[in-house]
Amino acid sequence: GRSGCNIHGKYFRSESNEFYTVKYVVDADAYRREKAEKIYPGCKTFEKYTDLFELNDIDLVVNSTYSEMHYPITKDLLLHGFNVLVEKPFARTRFECDELIKLAKDKGLTLAVFQQTFHAPFCEYAYDLAKSGKLGRILQVDLRYSGFSRRWDWQTVQKRCAGNTYNTGPHPIGIGLGFLDFAEDMQVVYSKLDRGMNSGDADDYAKILVTAPGKPLVDIEINSMDAYSPYNLKIIGTHGTFKGTPKSAEMTYTVDGENPEQPLQEEFLKDENGDPMYCKEQLIKHTEEISFDGTAFDIGTAKLYESLYHKIVDGTPMQVTPEMAAAIISVIETAHAQNPMPMKF
(Lines give C-alpha, C1' and ligand atoms only; values in the text may rest on other atoms or scores of the structure.)
Protein backbone atom coordinates (compact mmCIF):
# COMPACT_ATOMS: atom_id res chain seq x y z
CA GLY A 1 0.00 0.00 0.00
CA ARG A 2 0.89 3.69 -0.01
CA SER A 3 2.30 3.89 3.53
CA GLY A 4 4.07 0.57 3.19
CA CYS A 5 5.86 1.69 0.05
CA ASN A 6 6.28 5.44 0.53
CA ILE A 7 6.94 5.69 4.28
CA HIS A 8 8.23 2.37 5.59
CA GLY A 9 9.65 1.27 2.27
CA LYS A 10 11.29 4.62 1.72
CA TYR A 11 13.13 4.17 5.02
CA PHE A 12 14.18 0.60 4.18
CA ARG A 13 15.65 1.87 0.90
CA SER A 14 17.41 4.85 2.49
CA GLU A 15 20.94 5.29 3.77
CA SER A 16 19.49 5.71 7.28
CA ASN A 17 18.58 2.03 7.35
CA GLU A 18 21.47 0.16 8.92
CA PHE A 19 19.36 -2.49 10.60
CA TYR A 20 16.82 -4.17 8.31
CA THR A 21 16.67 -6.22 5.12
CA VAL A 22 13.35 -6.63 3.32
CA LYS A 23 12.89 -10.36 2.67
CA TYR A 24 9.17 -10.58 1.92
CA VAL A 25 6.44 -8.22 0.74
CA VAL A 26 2.75 -9.00 0.96
CA ASP A 27 0.34 -7.10 -1.29
CA ALA A 28 -3.05 -8.04 -2.73
CA ASP A 29 -2.26 -6.15 -5.94
CA ALA A 30 -0.23 -8.07 -8.53
CA TYR A 31 1.32 -4.92 -10.01
CA ARG A 32 2.64 -3.83 -6.63
CA ARG A 33 4.03 -7.28 -5.95
CA GLU A 34 5.94 -7.09 -9.21
CA LYS A 35 7.13 -3.59 -8.34
CA ALA A 36 8.27 -4.73 -4.88
CA GLU A 37 10.44 -7.46 -6.36
CA LYS A 38 12.22 -4.80 -8.44
CA ILE A 39 12.83 -2.25 -5.68
CA TYR A 40 13.83 -4.87 -3.08
CA PRO A 41 16.24 -7.15 -4.97
CA GLY A 42 16.03 -10.73 -3.79
CA CYS A 43 12.77 -10.35 -1.89
CA LYS A 44 9.84 -12.73 -2.38
CA THR A 45 6.24 -11.56 -2.58
CA PHE A 46 2.93 -13.01 -1.46
CA GLU A 47 -0.71 -12.16 -2.08
CA LYS A 48 -1.85 -13.12 1.45
CA TYR A 49 -0.17 -12.41 4.77
CA THR A 50 -1.08 -15.88 5.99
CA ASP A 51 1.56 -17.24 3.59
CA LEU A 52 4.12 -15.90 6.07
CA PHE A 53 2.99 -18.43 8.67
CA GLU A 54 5.05 -21.19 7.04
CA LEU A 55 8.28 -19.17 7.33
CA ASN A 56 10.69 -19.14 10.26
CA ASP A 57 13.27 -16.56 9.15
CA ILE A 58 11.36 -13.34 9.88
CA ASP A 59 12.41 -10.99 12.69
CA LEU A 60 9.69 -8.38 12.21
CA VAL A 61 6.45 -7.94 10.27
CA VAL A 62 5.32 -4.40 9.44
CA ASN A 63 1.52 -4.22 9.32
CA SER A 64 0.66 -1.24 7.11
CA THR A 65 -2.71 -2.49 5.91
CA TYR A 66 -6.03 -0.63 5.88
CA SER A 67 -6.87 0.81 9.29
CA GLU A 68 -9.70 -1.62 10.05
CA MET A 69 -7.25 -4.48 9.43
CA HIS A 70 -4.67 -3.32 11.98
CA TYR A 71 -6.20 -5.13 14.93
CA PRO A 72 -7.17 -8.50 13.41
CA ILE A 73 -4.00 -8.94 11.37
CA THR A 74 -1.72 -7.86 14.23
CA LYS A 75 -3.51 -10.30 16.52
CA ASP A 76 -3.12 -13.11 13.98
CA LEU A 77 0.58 -12.35 13.49
CA LEU A 78 1.20 -12.31 17.25
CA LEU A 79 -0.65 -15.60 17.67
CA HIS A 80 1.70 -17.09 15.08
CA GLY A 81 4.80 -15.87 16.91
CA PHE A 82 5.86 -12.76 14.96
CA ASN A 83 7.17 -9.46 16.31
CA VAL A 84 4.95 -6.74 14.85
CA LEU A 85 5.16 -3.04 14.05
CA VAL A 86 1.63 -1.85 13.28
CA GLU A 87 0.75 1.43 11.60
CA LYS A 88 -1.43 3.97 13.35
CA PRO A 89 -4.20 3.89 14.38
CA PHE A 90 -3.23 1.09 16.75
CA ALA A 91 -6.81 -0.26 16.71
CA ARG A 92 -10.38 0.99 16.85
CA THR A 93 -10.93 0.64 20.62
CA ARG A 94 -8.91 0.67 23.83
CA PHE A 95 -10.07 -2.89 24.52
CA GLU A 96 -8.50 -4.07 21.25
CA CYS A 97 -5.26 -2.24 22.08
CA ASP A 98 -5.06 -3.77 25.55
CA GLU A 99 -5.79 -7.22 24.15
CA LEU A 100 -2.89 -6.93 21.71
CA ILE A 101 -0.53 -5.61 24.41
CA LYS A 102 -1.40 -8.50 26.72
CA LEU A 103 -1.06 -11.05 23.93
CA ALA A 104 2.42 -9.79 23.01
CA LYS A 105 3.55 -9.88 26.65
CA ASP A 106 2.13 -13.34 27.22
CA LYS A 107 3.97 -14.69 24.17
CA GLY A 108 7.21 -12.78 24.85
CA LEU A 109 7.00 -10.85 21.58
CA THR A 110 7.76 -7.27 20.63
CA LEU A 111 4.75 -5.15 19.67
CA ALA A 112 5.27 -1.57 18.51
CA VAL A 113 3.06 1.11 16.99
CA PHE A 114 4.27 3.47 14.28
CA GLN A 115 3.85 6.75 16.17
CA GLN A 116 7.03 8.23 14.77
CA THR A 117 6.06 11.88 15.34
CA PHE A 118 7.33 11.62 18.91
CA HIS A 119 10.83 11.35 17.42
CA ALA A 120 10.42 14.30 15.04
CA PRO A 121 12.97 17.07 15.77
CA PHE A 122 10.28 19.72 16.35
CA CYS A 123 8.44 17.47 18.82
CA GLU A 124 11.54 16.54 20.80
CA TYR A 125 12.53 20.23 20.93
CA ALA A 126 9.07 21.25 22.15
CA TYR A 127 9.05 18.70 24.96
CA ASP A 128 12.52 19.77 26.10
CA LEU A 129 11.46 23.42 25.97
CA ALA A 130 8.35 22.82 28.06
CA LYS A 131 10.37 20.98 30.70
CA SER A 132 13.16 23.59 30.76
CA GLY A 133 11.06 26.29 32.42
CA LYS A 134 12.07 28.85 29.78
CA LEU A 135 8.41 29.60 29.08
CA GLY A 136 7.49 29.34 32.74
CA ARG A 137 4.66 27.08 33.85
CA ILE A 138 2.86 25.72 30.80
CA LEU A 139 -0.80 26.75 30.76
CA GLN A 140 -2.01 25.63 27.35
CA VAL A 141 -0.84 23.69 24.31
CA ASP A 142 -2.56 24.17 20.96
CA LEU A 143 -2.17 21.63 18.16
CA ARG A 144 -3.47 22.37 14.68
CA TYR A 145 -3.17 19.64 12.06
CA SER A 146 -5.48 21.33 9.59
CA GLY A 147 -5.71 22.33 5.95
CA PHE A 148 -8.14 23.06 3.16
CA SER A 149 -8.73 19.99 1.01
CA ARG A 150 -11.19 17.20 0.27
CA ARG A 151 -10.90 13.41 0.33
CA TRP A 152 -13.15 10.83 -1.31
CA ASP A 153 -11.25 7.58 -0.68
CA TRP A 154 -11.54 4.85 1.96
CA GLN A 155 -10.15 7.26 4.58
CA THR A 156 -13.57 8.96 4.69
CA VAL A 157 -15.65 5.91 5.69
CA GLN A 158 -16.41 5.05 9.32
CA LYS A 159 -16.55 1.29 8.83
CA ARG A 160 -12.93 1.47 7.59
CA CYS A 161 -11.84 2.96 10.96
CA ALA A 162 -11.25 6.21 9.11
CA GLY A 163 -11.81 9.95 9.37
CA ASN A 164 -9.60 12.75 10.67
CA THR A 165 -9.40 11.49 14.24
CA TYR A 166 -8.35 7.94 13.39
CA ASN A 167 -6.15 8.89 10.44
CA THR A 168 -4.40 12.17 11.32
CA GLY A 169 -5.45 12.31 14.96
CA PRO A 170 -2.88 9.90 16.43
CA HIS A 171 -0.13 12.45 15.68
CA PRO A 172 -1.49 15.63 17.37
CA ILE A 173 -3.36 13.70 20.06
CA GLY A 174 -0.19 11.79 20.87
CA ILE A 175 1.88 14.96 21.02
CA GLY A 176 -0.74 16.56 23.25
CA LEU A 177 -0.82 13.64 25.67
CA GLY A 178 2.96 13.89 25.89
CA PHE A 179 2.58 17.37 27.41
CA LEU A 180 0.30 15.74 30.01
CA ASP A 181 2.97 13.06 30.64
CA PHE A 182 0.34 10.51 29.60
CA ALA A 183 -1.31 10.98 32.99
CA GLU A 184 -3.66 8.14 33.88
CA ASP A 185 -6.22 10.66 35.16
CA MET A 186 -6.30 12.49 31.83
CA GLN A 187 -9.81 13.47 30.72
CA VAL A 188 -11.43 14.49 27.46
CA VAL A 189 -13.24 17.58 28.74
CA TYR A 190 -14.78 18.54 25.40
CA SER A 191 -15.00 17.17 21.88
CA LYS A 192 -16.85 17.93 18.67
CA LEU A 193 -16.73 15.89 15.48
CA ASP A 194 -18.38 16.84 12.21
CA ARG A 195 -18.24 16.21 8.47
CA GLY A 196 -17.89 19.04 6.00
CA MET A 197 -16.40 18.33 2.60
CA ASN A 198 -15.42 14.66 2.30
CA SER A 199 -17.45 12.16 0.30
CA GLY A 200 -17.84 9.59 3.06
CA ASP A 201 -19.54 9.50 6.46
CA ALA A 202 -16.49 9.98 8.72
CA ASP A 203 -15.33 13.16 10.42
CA ASP A 204 -13.17 15.73 8.66
CA TYR A 205 -13.54 18.25 11.49
CA ALA A 206 -12.45 17.48 15.04
CA LYS A 207 -11.99 19.64 18.13
CA ILE A 208 -10.80 17.86 21.25
CA LEU A 209 -9.79 19.35 24.61
CA VAL A 210 -7.88 17.17 27.05
CA THR A 211 -6.26 17.90 30.39
CA ALA A 212 -5.32 16.36 33.74
CA PRO A 213 -5.04 17.73 37.29
CA GLY A 214 -2.02 20.01 37.55
CA LYS A 215 -1.36 19.78 33.80
CA PRO A 216 -1.91 22.19 30.89
CA LEU A 217 -5.05 22.34 28.80
CA VAL A 218 -4.39 20.72 25.42
CA ASP A 219 -6.49 22.05 22.53
CA ILE A 220 -6.41 19.78 19.45
CA GLU A 221 -7.97 20.65 16.11
CA ILE A 222 -7.93 18.57 12.93
CA ASN A 223 -9.91 20.54 10.38
CA SER A 224 -10.05 19.96 6.62
CA MET A 225 -11.87 23.27 6.08
CA ASP A 226 -9.25 25.58 7.60
CA ALA A 227 -7.62 27.61 4.82
CA TYR A 228 -5.65 29.75 7.31
CA SER A 229 -3.94 27.41 9.73
CA PRO A 230 -0.74 29.28 10.66
CA TYR A 231 0.98 26.71 12.87
CA ASN A 232 0.99 23.10 14.04
CA LEU A 233 2.02 23.63 17.64
CA LYS A 234 1.74 26.51 20.08
CA ILE A 235 2.86 26.39 23.71
CA ILE A 236 1.67 29.12 26.06
CA GLY A 237 3.47 29.50 29.36
CA THR A 238 3.51 32.04 32.17
CA HIS A 239 6.69 33.58 30.68
CA GLY A 240 5.98 33.44 26.95
CA THR A 241 4.89 31.59 23.84
CA PHE A 242 6.33 29.13 21.34
CA LYS A 243 4.71 28.72 17.90
CA GLY A 244 5.87 26.58 15.03
CA THR A 245 5.63 23.91 12.38
CA PRO A 246 7.73 20.77 11.87
CA LYS A 247 10.17 22.90 9.83
CA SER A 248 10.55 26.13 11.82
CA ALA A 249 9.38 27.94 14.93
CA GLU A 250 9.72 31.12 16.93
CA MET A 251 9.21 32.06 20.55
CA THR A 252 8.95 35.21 22.61
CA TYR A 253 9.52 35.15 26.36
CA THR A 254 10.55 37.13 29.40
CA VAL A 255 13.33 36.35 31.86
CA ASP A 256 12.90 36.40 35.64
CA GLY A 257 14.33 39.56 37.21
CA GLU A 258 14.38 41.64 34.04
CA ASN A 259 10.85 42.99 34.55
CA PRO A 260 10.33 43.76 38.25
CA GLU A 261 6.80 43.14 39.48
CA GLN A 262 4.52 46.15 39.28
CA PRO A 263 2.97 47.08 42.63
CA LEU A 264 -0.79 46.54 42.60
CA GLN A 265 -2.90 49.69 42.53
CA GLU A 266 -6.57 48.96 43.17
CA GLU A 267 -7.64 52.49 42.23
CA PHE A 268 -7.57 53.69 38.60
CA LEU A 269 -4.23 54.68 37.18
CA LYS A 270 -3.52 58.35 36.42
CA ASP A 271 -1.32 59.93 33.81
CA GLU A 272 0.84 63.01 34.53
CA ASN A 273 -2.23 65.22 34.16
CA GLY A 274 -4.33 63.19 36.56
CA ASP A 275 -6.51 61.63 33.84
CA PRO A 276 -7.35 57.90 33.92
CA MET A 277 -4.93 55.76 31.93
CA TYR A 278 -4.51 52.13 30.89
CA CYS A 279 -1.71 49.90 32.18
CA LYS A 280 1.16 50.11 29.75
CA GLU A 281 4.85 49.34 29.87
CA GLN A 282 7.71 48.22 27.67
CA LEU A 283 8.41 44.66 28.72
CA ILE A 284 11.93 43.39 28.21
CA LYS A 285 11.29 40.45 25.88
CA HIS A 286 13.46 37.98 24.03
CA THR A 287 12.66 36.44 20.66
CA GLU A 288 14.26 33.39 19.09
CA GLU A 289 13.82 31.68 15.74
CA ILE A 290 14.42 27.95 15.37
CA SER A 291 14.71 25.73 12.32
CA PHE A 292 14.48 21.96 12.37
CA ASP A 293 16.49 19.56 10.26
CA GLY A 294 14.19 16.71 9.31
CA THR A 295 10.61 15.69 10.05
CA ALA A 296 8.60 12.76 11.36
CA PHE A 297 8.83 11.14 7.94
CA ASP A 298 12.62 10.91 7.80
CA ILE A 299 14.35 11.56 11.14
CA GLY A 300 11.34 10.39 13.14
CA THR A 301 10.95 7.21 11.11
CA ALA A 302 14.64 6.38 11.32
CA LYS A 303 14.75 6.92 15.10
CA LEU A 304 11.70 4.76 15.70
CA TYR A 305 13.08 1.92 13.58
CA GLU A 306 16.47 2.13 15.30
CA SER A 307 14.76 2.01 18.68
CA LEU A 308 12.71 -0.99 17.55
CA TYR A 309 15.82 -2.79 16.35
CA HIS A 310 17.45 -2.46 19.76
CA LYS A 311 14.23 -3.57 21.46
CA ILE A 312 14.15 -6.78 19.42
CA VAL A 313 17.88 -7.49 19.50
CA ASP A 314 18.97 -6.14 22.89
CA GLY A 315 15.73 -5.86 24.86
CA THR A 316 16.19 -2.10 25.26
CA PRO A 317 12.86 -0.42 26.11
CA MET A 318 11.39 1.79 23.41
CA GLN A 319 10.59 5.44 24.10
CA VAL A 320 7.29 5.13 22.23
CA THR A 321 5.33 2.30 23.82
CA PRO A 322 2.13 0.46 22.85
CA GLU A 323 0.62 1.77 26.08
CA MET A 324 1.09 5.32 24.80
CA ALA A 325 -0.59 4.41 21.53
CA ALA A 326 -3.44 2.80 23.47
CA ALA A 327 -3.98 6.02 25.43
CA ILE A 328 -4.28 7.88 22.12
CA ILE A 329 -6.99 5.46 21.00
CA SER A 330 -8.82 6.07 24.30
CA VAL A 331 -9.10 9.76 23.41
CA ILE A 332 -10.30 9.01 19.88
CA GLU A 333 -12.80 6.44 21.11
CA THR A 334 -14.14 8.90 23.71
CA ALA A 335 -14.55 11.65 21.11
CA HIS A 336 -16.54 9.29 18.90
CA ALA A 337 -18.69 8.18 21.84
CA GLN A 338 -19.42 11.83 22.68
CA ASN A 339 -20.23 12.60 19.02
CA PRO A 340 -21.92 9.60 17.38
CA MET A 341 -22.11 10.13 13.62
CA PRO A 342 -24.63 8.34 11.38
CA MET A 343 -23.12 5.53 9.30
CA LYS A 344 -24.14 5.75 5.65
CA PHE A 345 -21.90 3.16 4.03
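Analyst: Strand β4 pairs with strand β5 (residues 111–114) in the parallel sense, over four bridges; two strands count as paired if DSSP finds at least two bridges between them. The model is predicted, so that local features need pLDDT of at least 70 and side-chain atom pairs count only at pLDDT 80 or more, while totals for chains, interfaces and linings use all residues. Residues are numbered from 1 along each chain as its sequence is written, and side-chain values use heavy atoms, with hydrogens and water left out.

Helices (H or I, at least four residues) and strands (E, at least two) are DSSP runs, numbered from the N terminus. In β5, alanine 112 is the bridge partner of leucine 85. Leucine 85 of β4 is also the bridge partner of valine 62, and strand β3 (residues 61–63) pairs with β4 in the parallel sense over three bridges.

Buried means under 20% relative accessible area, exposed over 50%, and partly exposed in between (1.4 Å probe, protein chains only).

Phenylalanine 19 and tyrosine 309 form a tilted one, at 4.6 Å centre to centre with 40 degrees between the planes. Phenylalanine 19 lies in the loop between α1 (2–12) and β1 (24–26) and tyrosine 309 in helix α8 (residues 296–314), so this pair ties together parts 290 residues apart in sequence. Rings of Phe, Tyr and Trp (its six-membered ring) pair if their centres lie within 6.5 Å; planes under 30 degrees apart count as stacked, over 60 as edge-to-face and the rest as tilted. Phenylalanine 19 is partly exposed at 21% relative accessible area, and tyrosine 309 is partly exposed at 25%. Ring pairs link Tyr11, Phe12, Phe19, Tyr20, Phe114, Tyr305 and Tyr309 into a cluster.

Helix α7 (residues 170–179) is largely enclosed by the rest of the structure, because 10 of its 10 residues are buried. Among them are His171, Ile173 and Phe179.
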